[in-house]
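Student: I would like to go through this model one feature at a time. Please give the general idea before each case.

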Amino acid sequence: GADADIAYVLFTSGSTGQPKGVAVGHAALLAYIQATLARFPQLDAQQRCSQCFETTFDLSMHDLWVTWAAGACLYSVPKAALLMPHRFIIEHQLSVWFCVPSMAATLQRLRLLGDNAFPSLRLSLFCGEALPTELATQWQRAAPQSRCDNLYGPTEATIACAGHRYDSAAVDTAIVPIGQALAGSELLVVDDHGVPCAAGQTGELWLGGAQLAHGYWQDPEQTRARFVLKYVEGFQSRRWYRSGDL
């Protein structure tokens with residue numbers, strides 16, 4: 001049955017009440033891995049990739065499966081090094097780094113993001129929080145050989161479903177944008193009536209495509225409320241996750 005296709009169940013923080021178990025299928029996880037490897041040609045068997053995230057946080061699923069799918073080497077950052085990981089990056093000559101922006105902000109505050117501090121990095125990924133442009137700029141200077149990407153996505157859309165490549169010459173906002181949908185995913189902005197918004201109009205972000213979770217574990221009511229069926233002209237998706245994000 002459908003349960004056989006579940007790769008993992010991860011519980012959201014429950015900031016809106018009871019924690020909800022998000023059931024992510026093998027097909028959704030595979031879609032994310034394939035989209036990520038296609039987006040980042042740097043990810044090959046020669047890379048040394050970080051693992052900063054607890055396995056209760058879905059970004060850890062990226063660290064594990066994307067690294068291994070690429071045939072690369074996974075470096076699990078010990079707890080003692082997590083607050084100040086700069087030495088770990090340098091010591092192990094890591095080439096791929098993935099963390100939440102607040103971890104990078106700690107290094108910035110302690111003035112550890114000096115020019116060319118991380119010459120070995122080739123790919124720097126940020127997700128889980130808004131990425132301040134000033135921080136991205138500083139990180140890019142610290143890792144000049146690195147491509148910096150800001151990723152976005154709730155657990156319900158499997159790890160990340162959108163991304164924006166940071167470009168210091170093209171940023172005119174205080175926060176780095178979340179960018180565009182990864183291959184196989186779709187983004188839709190709708191008004192209170194579920195009608196697609198005009199360009200520049202504020203609305204709720206709906207997510208569609210191959211990465212959507214099955215729903216909430218043993219909670220059909222919440223699943224029906226947040227995962228909706230809707231045909232929208234010009235879009236492939238027939239099933240959407242209402243992110244709640246504007």
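Tutor: Start with burial: a residue is buried under 20% relative accessible area, exposed over 50%, and partly exposed in between, with a 1.4 Å probe and protein chains only. The model is a predicted one, in which local features need pLDDT of at least 70 and side-chain atom pairs count only at pLDDT 80 or more, while totals for chains, interfaces and linings use all residues. Residues are numbered from 1 along each chain as its sequence is written, and side-chain values use heavy atoms, leaving out hydrogens and water.

Student: Is Y152 buried or exposed?

Tutor: Y152 has a relative accessible area of 12%, so Y152 is buried. Y152 is placed in strand β7. Helices (H or I, at least four residues) and strands (E, at least two) are DSSP runs, numbered from the N terminus.

Student: Which residues does Y152 touch?

Tutor: Contact means heavy atoms within 4.5 Å. Not counting residues up to four places away in sequence, Y152 touches C127, A160, C161, A162, I178, L205, L207, S243 and D245. With D245 there is also a polar contact, side chain to side chain, at 2.6 Å. A polar contact is a pair of N or O atoms within 3.5 Å; within protein, one must be able to donate a hydrogen and the other to accept it, and residues adjacent in sequence count only if both atoms are side-chain atoms.

Student: How far apart are Y152 and H92 in space?

Tutor: They are 28 Å apart, C-alpha to C-alpha, and 60 residues apart in sequence.

Student: Where does N150 lie, and what lies by the polar atoms of its side chain?

Tutor: N150 lies in strand β7, residues 147-152. Its relative accessibility is 3%, so N150 counts as buried. A polar atom of the N150 side chain lies 3.2 Å from the backbone oxygen of V176, and a polar atom of that side chain lies 3.0 Å from the backbone oxygen of P177. Leaving aside neighbours within four places in sequence, the contacts of N150 are F126, E129, L131, A162, G163, H164, V176, P177 and I178.

Student: Next, a whole helix. How many residues of α2 are buried?

Tutor: In α2 (residues 59-69), 8 of the 11 residues are buried, and the helix is mostly covered. The buried residues are L59, S60, M61, H62, D63, L64, V66 and T67. Their cover includes β1 (6-11), α1 (26-39), β3 (48-51), β4 (73-76), β5 (96-99) and β6 (123-126). Just after α2, G71 has a positive phi of about 75°.

Student: How do α1 and α2 cross?

Tutor: Axes are lines fitted to C-alpha atoms, for helices over the stretch in contact, and angles run from 0 to 180 degrees between N-to-C directions. Angles under 35 degrees count as roughly parallel, over 145 as roughly antiparallel, 65 to 115 as roughly perpendicular and the rest as oblique. The axes of α1 and α2 come within 10 Å and cross at roughly 60°. That is why α1 is oblique to α2. L29, Y32, I33, T36 and L37 of α1 meet H62, W65, V66 and A69 of α2. These residues divide into 7 nonpolar, 2 polar and no charged. Ala, Val, Leu, Ile, Met, Phe, Trp, Tyr, Cys and Pro count as nonpolar, Asp, Glu, Lys and Arg as charged, and the others, Gly among them, as polar.

Student: At what angle do α5 and α6 cross?

Tutor: The axes of α5 (residues 101-109) and α6 (residues 133-142) come within 10 Å and cross at roughly 65°. The two helices are therefore roughly perpendicular to each other, and their crossing is left-handed. From α5, P101, A104, A105, L107 and Q108 meet E134, L135, Q138 and W139 of α6. The contact divides into 6 nonpolar, 2 polar and 1 charged.

Student: What covers the buried residues of α5?

Tutor: P101, M103, A104, A105 and L107 are the buried residues of α5, and their cover includes α3 (79-82), α4, β5, β6 and α6.

Student: Which residue takes a positive phi just after α5?

Tutor: R111 does, with phi of about 60°. R111 sits in the loop between α5 and β6, and its relative accessible area is 78%, so R111 is exposed. Q93, in the loop between α4 (86-91) and β5, has a positive phi near 50° and is a residue other than glycine. At 45% relative accessibility, Q93 counts as partly exposed.

Notes. Left-handed = near helix turned anticlockwise from the far one by under 90°.
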